[in-house]
Amino acid sequence: MTSARRTARILAAAAGLVLVPVLAGCGTERAGSGAAAGGPGASSGPPSEGASPQDDPVDGSDASKYRENHAFQSTAELTPADRARGEAEVKKVKAGLAGIAEGRKAGEPRIRAALADLGYAPGTITTGTFGPHRNTFVLDLGTICVEGALDGVVNGLVTAEAHGKYLEGTGCVKPVGGH
């Protein structure tokens, strides 16, 4: 190998080492945010239920970075009446899908049929597959969204939760991406 090629490889490697921290800066502290803000006692991890990214400014803490990076997944608040209706729908869906989850018979067509049998209109049902053994579903019930999954590995597991529409304008389907 010639000296010029060796020098070019060394320079390319050095440039890569310099750029890696720069390119991996998503969610890092911003100028003027104060390094002391994330000091001892700062919360680390995801925000608590009901925390809004607008309520908590970016202060450099891990929780603040999490909220900033996941703000695009924020949902509208449900009224107490909608929350109660949503929880009733969750119970109904879990009970209705338990039969097909137990025998690992779940697939998108089967889930759609089971949800239709529970009285949900075809236009309100969205299904998907996540990995080789997990099927997902979303029900758009106006102001209420019911989102859940059937796990084919954990026999009989049906998960579901109710929430408001996504603020990004994607309705009940979780937005993809971020900043």
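The model is predicted: local features need pLDDT of at least 70, side-chain atom pairs count only at pLDDT 80 or more, and totals for chains, interfaces and linings use all residues. Residues are numbered from 1 along each chain as its sequence is written, and side-chain values use heavy atoms, with hydrogens and water left out. The protein chain has 4 helices and 4 strands. Helices (H or I, at least four residues) and strands (E, at least two) are DSSP runs, numbered from the N terminus.

**Overall layout**

- From the N terminus, the order of elements is α-α-α-α-β-β-β-β.
- The protein chain has 179 residues, and 28% of them are buried. Buried means under 20% relative accessible area, exposed means over 50%, and partly exposed lies in between (1.4 Å probe, protein chains only).
- Take the contacts between residues at least 6 apart in sequence: 45% of them join residues at least 24 apart. Contact here means heavy atoms within 4.5 Å.
- The accessible surface of the protein chain is about 10,900 Å², and carbon and sulfur atoms account for 58% of that. Areas come from the Shrake-Rupley method with a 1.4 Å probe; for residues, only the protein chains shown count as cover.

**The nonpolar core**

- The largest nonpolar core contains 20 residues. Such a core is a set of buried Ala, Val, Leu, Ile, Met, Phe, Trp, Tyr and Cys residues joined through side-chain atoms within 4.5 Å.
- Those with the most contacts inside this core are V93, L97, L115, F137, L139, V146 and L150.
- At least two residues each come from α3 (80–102), α4 (108–117), β2 (134–141), β3 (144–151) and β4.
- Helix α3 gives the largest share of this core, with 5 residues.
- In soluble globular proteins, nonpolar side chains tend to be buried together.
- L150 has contacts beyond four places in sequence that include L97, I100, I111, F137, L157 and V158.

- I111, A114 and L115 are the buried residues named in α4. They sit on the same side of α4, because they cover an arc of only 95 degrees around the axis. The arc is taken from the directions from the helix axis to the C-beta atoms.
- P109 and D117 are exposed on the other side of α4.
- The cover over the buried residues of α4 includes α3, β1 (125–129), β2 and β3.
- G96 belongs to helix α3 and is partly exposed at 30% relative accessibility. The C-alpha atoms of G96 and L118 are 6.9 Å apart, while the two residues are 22 apart in sequence.

**Salt bridges**

- There are 3 salt bridges in the structure. A salt bridge is a side-chain nitrogen of Lys or Arg within 4 Å of a carboxyl oxygen of Asp or Glu.
- E87 pairs with R83, with the closest N and O atoms 3.9 Å apart. Both residues lie in helix α3, 4 residues apart, about one turn of the helix. E87 is partly exposed at 36%, and R83 is partly exposed at 34%.
- D151 and R134 form a salt bridge at 3.5 Å, N to O. This pair links distant parts of the chain, with D151 in strand β3 and R134 in strand β2, 17 residues apart. D151 is buried at 16% relative accessibility, whereas R134 is partly exposed at 28%.
- D140 joins K165, and their closest N and O atoms are 2.7 Å apart. D140 lies in strand β2 and K165 in the segment after β4, so this pair ties together parts 25 residues apart in sequence. D140 is partly exposed at 29%, and K165 is partly exposed at 27%.

**Surface and the segment after β4**

- V153, V154 and L157 make a nonpolar surface patch of about 220 Å². Patches use residues with over 30% relative accessible area and no salt bridge; like charges are joined within 9 Å, and nonpolar side chains (Val, Leu, Ile, Met, Phe, Trp, Tyr) within 5 Å.
- L157 is in strand β4 (residues 157–163) and is partly exposed at 33%.
- L167 lies in the segment after β4 and counts as exposed at 56% relative accessibility.
- Beyond four places in sequence, L167 contacts S74, T75 and A76. L167 and A71 are 96 residues apart in sequence, with their C-alpha atoms 9.2 Å apart.
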